Amino acid sequence: MSRLRSIQGFMPYIIVVFLNAFVDLGHKIVIQNAIFKTYDGQEQVILTALVNGLILLPFILLFSPAGFLADRFSKHRIIRHAALAAVGATLLITYCYYQGWFWGAFALTLALSIQSAIYSPAKYGYIKELVGTNNLASANGVVQAITIAGILLGTFVFSIMFESLLPDTSELATNDIMRTVAPVGWILVALATLEWLSSLRLQQRREPDPQTSFELEPYLKLTYLRKNLAVLNSNTAIWLSIIGLATFWSISQVMLAAFPAFAKETLQIDNTVVIQGILACSGIGIVLGSVIAARASRNYIETGLIPIGALGVAIGIAVLPGLSSTFAMGTAFLVVGAMGGMFIVPLNSLIQFHAKEAQLGTILAGNNWIQNVAMLAALMTTVAFATAGIDSVGLFYLLTAVAIIGTGYTVRKLPHSLARIIATAILKRRYKIEVVGFENLPQSGATLLLGNHISWIDWALVQIACPRPIRFVMLRRIYDTWYLKPFFKVFG
């Protein structure tokens, strides 16, 4: 972290990232808590899923324009203008609060989402420009941790403000709730303004591509979409990383939509601070997992954390429906989050490592698009199941099945990563591994890695340092050894 702090512009960037997450989360918490106080059962699950769907929709519809903007213009300017747009959006939201327009405030969730959709590829694309390839994994871990910290703090701060302004909602409708909690709107406006002021300190790190163009007709005919998806699918490492991220965040969305109703029915909890506190444990876990992943990937990308994280998420979800106390549920969410943090940080780093500079904005926007399509589909499925009468417990069992299948797929596609983390755990007990010159490793194409072969473990050391799968050369008589050959074939 000290090395990252020394990079000019890194701290203002971190402040912008934190405040953006904090502001977006604040309005969402107000709306979700109002739904929680006035609706029950399947109706609550459906409305919670719908507000989350509004947050995701712009990331789907604005995939191509957002990627174009991030590649065509300086990313720091995109961030700056998006932050200014957030000031306008929060002013409108505050007006709706004071007028008691619940559905107007509900709909304005879409405005903040549009701002985030345009802002997101520029925000993540700016990381590589700011810190370079050598610090990419560590920077992603810090950004992930700061983002979750903003979400966590926002969850508690806005829930506490909501409950303190609204001590008894038993006889209040949603419109009355909006008027009562209206002062929260000015907090949102002040924070959005501070975010914009911080963005003014960001500087241009790379010249934009003036050749990039955007036309409306190809966009409406989905030509850009097909072209951009082809860019994603052209690199197997990028595509598999995106699929893994999409699966994790889809599971997370269903958990967020289903858990409040589950806790209200199972634990008889009606205090939004307690509900949001349990959910926030997953965010704390993601911060811890992100920090672990960043420390494990100081000078390289530790992909061995990916299968371990996937397995941990599956186990955490599996035990959740059988728990009956707030402490146990909080612990389960903490474990799921920690495993998720270890899972997503190396995947995000792999995407940025393998992406070409000129395509980085498009690839990151495409990553957002696929993740949000998957999350929206998961929420729509949740709404359909809730409408059909499947309760929150049934949803958790379905999530367990999805997580187990995802874990199996991860191990099948990344067997070398699982072997690598095991080898790392064994070798680091005796050897101190230091990776020098990681930035010289080509992101794609044929590359020859030559170990000096002073021991039988150099293959493991080389694989630990390299995030790309390696095909090793060995004596045929060793490869044909009957008890080794099946192992070699499994790992390619």
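Helix α4, which spans residues 63-72, is largely enclosed by the rest of the structure, because 8 of its 10 residues are buried. The structure described here is a predicted model, and its chain contains 22 helices and 0 strands.

**The enclosed helix α4**

- The buried residues of α4 are Phe-63, Ser-64, Pro-65, Ala-66, Gly-67, Phe-68, Ala-70 and Asp-71.
- The word "buried" is used here for a relative accessible area under 20%, and this cut-off also applies to the individual residues discussed below.

- Helix α16 covers residues 326-354, and its 29 residues reach 42 Å from the first C-alpha to the last, which is close to the 42 Å expected at 1.5 Å a residue.
- This helix is mostly covered, with 23 of its 29 residues buried.
- The largest nonpolar core is made up of 95 residues, and those with the most contacts inside it are Phe-10, Tyr-13, Met-255, Phe-259, Ile-317 and Phe-333; helix α16 gives the most to this core, contributing 13 residues.
- When residues up to four places away in sequence are not counted, Met-255 touches Ile-317, Leu-320, Phe-333, Val-336, Phe-396 and Leu-399.

**Thr-326, a residue of α16**

- Thr-326 lies in helix α16, and it is classed as partly exposed because its relative accessible area is 39%, a value that falls between the limit of 20% for buried residues and the limit of 50% for exposed ones.
- Leaving out residues up to four places away in sequence, Thr-326 touches Leu-267, Ile-269, Val-274 and Ile-278.
- Thr-326 and Ile-275 are 51 residues apart along the chain, while their C-alpha atoms are separated by 9.0 Å.

**Cysteines**

- Cys-281 is found in helix α14, which runs over residues 272-296, and it counts as buried because its relative accessibility is 19%, a value under the 20% cut-off.
- Cys-281 is in contact with Gly-330, Phe-333 and Leu-334, once its neighbours within four places in sequence are left aside.
- Along the chain Cys-281 and Val-335 are 54 residues apart, and the distance between their C-alpha atoms is 8.6 Å.
- Cys-96 also counts as buried, because its relative accessibility is 8%.
- A disulfide is a covalent bond between the sulfur atoms of two cysteines.
- When a disulfide is taken to be a pair of cysteine sulfur atoms within 2.5 Å, the count comes to 0 disulfides.

- Apart from its neighbours within four places in sequence, Thr-90 is in contact with Val-23, Leu-112, Leu-188, Val-189 and Ala-192.
- Lys-28 belongs to helix α2, which covers residues 10-38, and this lysine counts as buried because its relative accessibility is 13%.
- Lys-28 touches Asn-52, Ile-55 and Leu-256, if residues up to four places away in sequence are not counted.

**The largest pocket**

- The largest pocket holds about 1300 Å³ of space, and of the 36 residues that line this pocket, the closest to its centre are Trp-459, Arg-471, Phe-472, Val-473 and Met-474.
- At least two residues of the lining of the largest pocket are supplied by each of the helices α19 (415-427), α20 (458-465), α21 (476-479) and α22 (485-490).
- Helix α20 gives the most to this lining, with 6 residues.

Definitions and conventions:
Residues are numbered from 1 along each chain as its sequence is written. This is a predicted model: local features need pLDDT of at least 70, side-chain atom pairs count only at pLDDT 80 or more; totals for chains, interfaces and linings use all residues. Side-chain values use heavy atoms; hydrogens and water are left out. Buried means under 20% relative accessible area, exposed over 50%, partly exposed in between (1.4 Å probe, protein chains only). Helices (H or I, at least four residues) and strands (E, at least two) are DSSP runs, numbered from the N terminus. The expected span of a helix is 1.5 Å times one less than its number of residues. A nonpolar core is a set of buried Ala, Val, Leu, Ile, Met, Phe, Trp, Tyr and Cys residues joined through side-chain atoms within 4.5 Å. Contact means heavy atoms within 4.5 Å. On a 1 Å grid over the protein atoms alone, a cavity is a set of points where a 1.4 Å probe fits but cannot get out, and a pocket is an open set with protein on both sides within 12 Å along at least five of seven lines; lining residues have an atom within 4 Å of a point. Grid points are joined across faces, edges and corners, and a volume is the space filled by probe spheres set on the points.
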